[in-house]
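Student: I'd like to learn how to read a few features of a protein model. Could you take me through some, one at a time?

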Amino acid sequence: MVLRRWLCLVAVLALSGCRDGARWNVVLVTLDTTRADHIGAYGAQRAETPHLDALAAEGTLFAQAYTSVPITAPAHSTILTGRHPLAHGVRDNGLFVLGDEQVTLAEILRSHGLRTAAAVGSFPLAAKFGLDQGFEIYDDRFAARFGFTDADDGPSIYFDERPAELVNEAVDEWLEEVADERFFLWLHYYDPHQPFRPPPPYDQLFLDDPYAGEIAYSDEAFGALVRRLRELDVYDRTLFVVTSDHGEGLGEHDEETHSMLLYDGTLRVPLIIRGPGMPGGQVVEEAVATIDILPTVLELLDLPPPEGSQGRSLAAAIGENARPEPVALYAETLSPRLAHGWGELRAWIDGGHKYVHGPRPELFDLANDPAELRDLSKVEPELAERMRRELARFINSNAAQEKTAASIPDEETRQRLMALGYLSATAGAGVEIVERLRSDGAPPQERVVDVNAISRGKLLLLEGRPLLAEQTFRSLLEQSPESPMYNEMLAAALLQLGRLSAAREALERVHGDAGASAKLWSQLAFNYLAKGDLPGALEVSATASSRFPSAPVFFVRAVALRRAGDGAAAEAALERALELDPDHLPARLDLALRLVERGEIERAAADL
């Protein structure tokens, strides 16, 4: 046994003969929105990522790892199930829930005796979207970093997230509890996502590149996790997998963020795997995908993959520096259609070429044109057609897979996802997924500049710069004057500016099941109250309660009615607010206070 372990540590035997995976823990760390080329081990000269670099030196770095979709929830669903989005059914943030019929890595490992826990850093991975399957603990307690209460004057914008150090903190006691057992831990660091606001000292060290500063901060948090595992004496028997859900456009191909296009800036991700006794410093140049993580982890732990797993194990490449067999990779983004009504994109990566199908098909030679600047679809039409047919066959072969039905989000979910930039005001009203190659709709490559403008406008609102935000959304409205989202964001800017009549005019132009309107109407009514205009508050809250009935709307209606001296109607409005949302805290507290005033102490105590 001693000789066997020594041979493993010096890596003179094949991995299959050295593994003792039946004793290992597993730690999965996903760095949100992190490009591989911004990590030192991947060649980034200015990167400050010493802890990730050290992990790569101890393990295997995959130089060309691809995500299946450049969107948080679908990408993580692929990582945790080892299945393509076509099979697991999660195609965008907020509109879908990972179905109970899907088998996750946490469920598999828990069934084999491992304790399981996860802590995630942002709202798109909240437990309500189904990724908590198999976890004993799933900590998704976010802070609304730029949130506003019902009575505030600010816009209805949420950035539900928490920094990486709080993600670590959420599982610290649990780690101490299970240190003598085997465990699977998943941590999700959201920090590199927009807006890029790294904490000190990285805000000063990366003044000209705050995105890199956020990654440096995430690396520091990862280093703290490693130190904690060493303190608990579990590091040496832990298998690490570090990857990302997707990258970031950073202005390449006119995409500042992600989710709209399928260029390598958002598809290429880091992937580092390090395990006890594995040879270190290995680099695998062949293309792999995050769908391969689940079967790789299971083989390293001497466990079989589940039925329906679609990835391939990379265990042999990790242990023997063997080259993985080349396979074609699939990627998609349906978000342009689901969130904006434009065309969708699907990609097929094979033999060093990438074919992107959509309203404006493209073909790239990744080996000779890594920046994807020369579209070869007209130069090599036969190759483009062959890859198109292969992509079509792949989609058709997966079309029979069981899908998870779309989940139309509630009002609060819409607002949060809109603030994160993932959802438009009209998204989810009629989700339709057609599993075939579609060429209809506006080319996302030509409309991504609109998404950039939307993101900039929202950031201006969050930074308290409403005048510039107003200019941004008025410019967008010149192109799409009926857009509910643009009118809502314009109204949010006008509310910040205190221009209530103009804000109401913008909201009046919003029709249908729009995203943030209920919250904005309630804030408009509160602003009328704050200015002492009771008739205006009563009128606006009456309009809002009929058009966008919600707990915040009926709560402000109750406040206005009470100030008007109609206590009975005010209490009825509070009751209606709680019918719509039993957990609406302001309405619950207000009703309890009214009951106390009337001496109905038992009912008040129940509410409290």
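Student: Is His38 buried or exposed?

Tutor: Buried means under 20% relative accessible area, exposed over 50%, and partly exposed in between, with a 1.4 Å probe and protein chains only. His38 counts as buried because its relative accessibility is 17%. This is a predicted model, where local features need pLDDT of at least 70 and side-chain atom pairs count only at pLDDT 80 or more, while totals for chains, interfaces and linings use all residues. Residues are numbered from 1 along each chain as its sequence is written, and side-chain values use heavy atoms, with hydrogens and water left out.

Student: Where does His38 sit, and which residues does His38 touch?

Tutor: His38 lies in the loop between β1 (25-31) and α3 (50-58); helices (H or I, at least four residues) and strands (E, at least two) are DSSP runs, numbered from the N terminus.

Tutor: Two strands pair if DSSP finds at least two bridges between them. Here four strands form an open sheet in the order β12-β13-β14-β15, with antiparallel pairing. β12 (329-333) and β15 (362-365) are the edge strands, each pairing on one side only. Five bridges join β12 to β13 (residues 345-350), and Tyr330 stands opposite Trp348 in β13.

Student: What joins β13 to β14, and β14 to β15?

Tutor: Hairpins. The hairpin of β13 and β14 has two residues between the strands, and Gly351 there takes a positive phi near 60°. Between β14 and β15 the hairpin has four residues.

Student: Why is β14 described as largely enclosed?

Tutor: Five of the five residues of β14 (residues 353-357) are buried, so the rest of the structure largely encloses this strand. Both faces are covered: His353, Tyr355 and His357 are buried on one side, Lys354 and Val356 on the other.

Student: How do α24 and α25 pack?

Tutor: Two packed helices are described by the angle between their axes and the distance between the axes. Axes are lines fitted to C-alpha atoms, for helices over the stretch in contact, and angles run from 0 to 180 degrees between N-to-C directions. The axes of α24 (residues 567-580) and α25 (residues 585-597) come within 9 Å and cross at roughly 140°. That makes α24 oblique to α25, given that under 35 degrees counts as roughly parallel, over 145 as roughly antiparallel, 65 to 115 as roughly perpendicular and the rest as oblique.
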